[in-house]
Amino acid sequence: MAGPALSPALVVEANLREAMRAYSVVTPAGEAREYPGVTIASSGLDFSVFNSLMLTARIETDSELERCLTSGAVHFAARGIGWTAWLCDELIAPSVLKRAGSLLGQRNMNTIAEPPGMLADRVRPPGRGPAPI
C-alpha cells in the first residue's frame, strides 16, 4: 500500500538525496549515513560540493536547524573535508527559513545558489534531431 503523496517539492528533494548519495561510492573513503533529521553523503574527497548534508525531517526551530548543521560539522570535521548543506525550503518553517542565512553565516557558510526544483509528469521526445557539429 502506498503512503501519502509527497508534494512536488518533496519529490524533488528526495530525488536530490538519492542523487547526492551517488558520490558516496566514488572512492573507498566515500560513505552515506543517516543521522537524526539528516542524510550525509560524502565522496571522501576534500571537495565540498561532493560532500553534503540534506534534511530528512521538517525543521520547526532554530535549534533544530543548528542541531542538523552541527551533525554535518562534526561528521565532516572528523574526516577533514569540506562540505555543503542542501536545504529544501519546504522542509523548514518560514520563521526559521528567514534566519537560515544568518545561522549558516555563523558557521562561515554562505548561500551560493538557490536552484529551482523541477518535476515533470512526462517528457516529450525531442521535436528534432541534434544540431550538426
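User: I'm new to this structure, and I'd like to begin with F50. Is F50 buried, partly exposed or exposed?

Analyst: This is a predicted model, so keep in mind that we're reading computed values. F50 has a relative accessible area of 24%, so F50 counts as partly exposed. To be called buried, a residue would have to be under 20%.

User: How do I read a pair of aromatic rings?

Analyst: You describe such a pair by the distance of the centres and the angle of the planes. Here, F47 and F50 make a tilted pair, with 5.1 Å centre to centre and 45° between the planes. F47 is partly exposed too, at a relative accessible area of 48%.

User: How many aromatic pairs does the structure hold?

Analyst: There are 3. One of them is Y23 with F50, again tilted, at 4.6 Å centre to centre and 50° between the planes.

User: Which parts of the chain does the pair of Y23 and F50 tie together?

Analyst: Y23 sits in the loop between helix 1 (8-21) and strand 1 (31-35), while F50 sits in the loop between strand 2 (38-42) and strand 3 (51-55), so the pair links parts that are 27 residues apart in sequence. Y23 has 29% relative accessibility, so it counts as partly exposed.

User: Let's step back. What pattern does the protein follow along the sequence?

Analyst: Reading along, you get α-β-β-β-α-β-α. That's 3 helices and 4 strands.

User: Now a helix, please. Which residues of helix 3 are buried?

Analyst: In helix 3 (residues 94-105), the buried ones are V96, A100, L103 and L104. They cover an arc of only 85° around the axis, which means they are on the same side of helix 3.

User: What do the buried residues of helix 3 pack against?

Analyst: They pack against helix 2 (62-79).

User: And the whole protein? How much of it is buried?

Analyst: Of its 133 residues, 29% count as buried. The protein exposes about 8800 Å², and 59% of that comes from carbon and sulfur atoms. For its extent, the C-alpha trace spans about 50 × 35 × 35 Å along the principal axes.

User: What about contacts between residues at least 6 apart in sequence?

Analyst: Among those contacts, 58% join residues at least 24 apart.

User: Last one: how many positive and negative side chains are there?

Analyst: You'll find 12 positive and 13 negative ones, and the centres of the two sets lie 4 Å apart.

Conventions:
Residues numbered from 1 in each chain as written. Predicted model: local features only at pLDDT ≥ 70, side-chain atom pairs only at ≥ 80, totals over all residues. Heavy atoms only, no water. Buried < 20%, exposed > 50% of the residue type's maximum accessible area, 1.4 Å probe, protein only. Helix = DSSP H or I, 4+ residues; strand = E, 2+ residues; numbered from the N terminus. Arc of directions from axis to C-beta. Contact = heavy atoms within 4.5 Å. Areas by Shrake-Rupley, 256 points an atom, 1.4 Å probe, with all protein chains shown as cover. Lys, Arg positive; Asp, Glu negative; His and termini not counted. Charge placed at Lys NZ, Arg CZ, Asp CG, Glu CD. Phe/Tyr/Trp six-rings, centres within 6.5 Å; stacked < 30°, edge-to-face > 60°.
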